[in-house]
Amino acid sequence: MISSRNARTVANLAIASALSILLAACSTSLPSLSSSPPPEPEVAPEMPATVRADEIVGRWGLASFQNPNDRARTEAAARGQCKQPYVIGAGANGGVVMHLADQATPQELRLKGSPSGKNYIGPPGPAGGEQDREIVSFDGRVLVTRFIEKDAAVRYGNMVYVRCAPRA
């Protein structure tokens, strides 16, 4: 049997042990106030696109399609739009002046490459961002793009730009 004096000593030791364990747990889970912030993730350097801005500056007939089977018909429809061409201008900083999805005012956009080999047109930022459009194909005369943002991609489909003949 434990005397009351020994019981008190055992209880005090148990409390001291429990407090030691709690304090040790607290000190390992709390961040140190003197620690430096975690390093910021490294931003990948911008890759140049394989399509140059000067290759797409000009006057274009514009149409769009949802179904890939409609591409040839859509290219013909885009050629017919050269009476009222969509003009892609040269930007002051080496980009192109175009509209973003749902924007009334055109702005300078960049041509961006990606490690996968895809090319994009969009505002400054990583290639393939939500406001970018992917260049699906480009042969010098026909440019096909698709918006990255899902709602815009559904609304606008695949945009077909057919180069208009130079003015006579």
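**View 1. Ring pairs tie Trp-60, Tyr-86 and Tyr-161 into a cluster.** The model is a predicted one, so to speak of local features a pLDDT of at least 70 is needed, side-chain atom pairs count only at pLDDT 80 or more, and totals for chains, interfaces and linings take in all residues. Residue numbers start from 1 along each chain as its sequence is written, and side-chain values use heavy atoms, with hydrogens and water left out. Rings of Phe, Tyr and Trp (its six-membered ring) pair here if their centres lie within 6.5 Å; planes under 30 degrees apart are called stacked, over 60 edge-to-face, and the rest tilted. That rule gives three aromatic pairs. For Trp-60 and Tyr-161 the centres sit 6.4 Å apart with planes at 85°, so this pair is edge-to-face. The two come from distant parts of the chain, 101 residues apart: Trp-60 is in strand 2 (residues 58-65) and Tyr-161 in strand 9. Helices (H or I, at least four residues) and strands (E, at least two) are DSSP runs, numbered from the N terminus. With a relative accessible area of 0%, Trp-60 is buried, and Tyr-161 is buried too, at 1%. (Buried is under 20% relative accessible area, exposed over 50%, partly exposed in between, using a 1.4 Å probe and protein chains only.)

**View 2. The largest nonpolar core holds 19 residues.** A core in this sense is a set of buried Ala, Val, Leu, Ile, Met, Phe, Trp, Tyr and Cys residues joined through side-chain atoms within 4.5 Å. Those with the most contacts inside it are Ile-56, Ile-88, Val-96, Met-98, Leu-111, Ile-121 and Tyr-161. At least two residues of this core come from each of helix 2 (53-56), strand 3 (86-90), strand 4 (96-98), strand 5 (107-113), strand 8 (142-147) and strand 9 (158-163). Zoom in on Ile-56: skipping neighbours within four places in sequence, its contacts (heavy atoms within 4.5 Å) include Val-51, Ile-88, Val-96, Leu-111 and Arg-163. A second, separate core has seven residues, among them Ala-63, Ala-78, Val-142 and Val-162.

**View 3. Thr-145 sits in strand 8.** Five of the six residues of strand 8 are buried, so most of the strand is covered. Thr-145 itself counts as buried, at 0% relative accessibility. On one side of the pairing, strand 7 (residues 133-138) and strand 8 are antiparallel over five bridges; strands pair if DSSP finds at least two bridges between them. Ile-135 has Thr-145 as its bridge partner in strand 8. The hairpin of strands 7 and 8 has three residues between the strands, and Gly-140 there takes a positive phi near 100°. Strand 8 also runs antiparallel to strand 9, again joined by five bridges, and Thr-145 stands opposite Met-159 in strand 9.

**View 4. A disulfide joins Cys-82 to Cys-164.** The S to S distance is 2.1 Å, and the rule (cysteine sulfur atoms within 2.5 Å) gives a count of one disulfide. The S-S torsion is about -95°, so the disulfide is left-handed. Cys-82 is in the loop between helix 3 (71-80) and strand 3, while Cys-164 lies in the segment after strand 9, 82 residues apart. Cys-164 counts as buried, at 6% relative accessibility.
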